[in-house]
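Please take a look at this chain with me. What can be read from its helices and strands?

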Amino acid sequence: MNQREIEAIVRNVLNQTSGEQSKLQRTGSVQIAGQPAVRDRNAEKIHASAAMAEACGGLVGITMPLATAVSLIEKIEAKAAEWNMRVVTAVSDAAGRPVAIHCMDGAYMGSFDVAMNKTYTSIAFQMSTAELGKLSQPGMSLYGIQFTNEGKIVIFGGGEVLKQNGVIVGALGVSGGSAKQDTDLAAYGKSIFESE
């Protein structure tokens, strides 16, 4: 086979995959050659919150688009400025990978890692860092959890899980104020994200 024939085959496979993905997003069902269509009851909910983006190797599922993350961060920064706070705000996708992180002028240098780890913690345990903090107090069932996961677990407020239609699509981490300020600012960010 020559290079053109190979490229034609690859384009054909990508077009078929893209068409099947579109059909799954539109109908929530997929048909395998020679078999009746199979309906995925959760497909509509999942695909309503996951966008697809073209990448070098094909289509990639995007749970937290960059534009959405940056827009959320900008709203949080505006509220932080109103509250006379200088914070670092991080947004990750549903897998805990960083999508965007902003450091306001004058924010603590140490807040960078803390904000990132708050997103990791929220995704890893599917709850806010404030809630995990309650469960990790002495005598509670998760006491000592902050010493796991290579020290990336944060047990004070400022981390929130972000959901769309009940599906986790990412997480938010805010650091730079007191634990209460970070908790309140992250809760504000979560509420505006889920109301849009």
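Some questions and answers follow.

This is a predicted model, where local features need pLDDT of at least 70, side-chain atom pairs count only at pLDDT 80 or more, and totals for chains, interfaces and linings use all residues. Residues are numbered from 1 along each chain as its sequence is written, and side-chain values use heavy atoms, with hydrogens and water left out.

Reader: How are α3 and α6 oriented to each other?
Author: Helices (H or I, at least four residues) and strands (E, at least two) are DSSP runs, numbered from the N terminus. The axes of α3 (residues 66-82) and α6 (residues 179-195) come within 10 Å and cross at roughly 135°. Axes are lines fitted to C-alpha atoms, for helices over the stretch in contact, with angles from 0 to 180 degrees between N-to-C directions. Angles under 35 degrees count as roughly parallel, over 145 as roughly antiparallel, 65 to 115 as roughly perpendicular and the rest as oblique, so α3 and α6 are oblique.

Reader: Which residue in β6 is the bridge partner of A90?
Author: Strands β5 (residues 88-93) and β6 (residues 98-103) pair (at least two DSSP bridges) in the antiparallel sense over five bridges. In β6, the partner of A90 is I101.

Reader: Which residue forms a salt bridge with K118?
Author: A salt bridge puts a side-chain nitrogen of Lys or Arg within 4 Å of a carboxyl oxygen of Asp or Glu. For K118, the closest N and O atoms are 3.2 Å apart, and the partner is D182.
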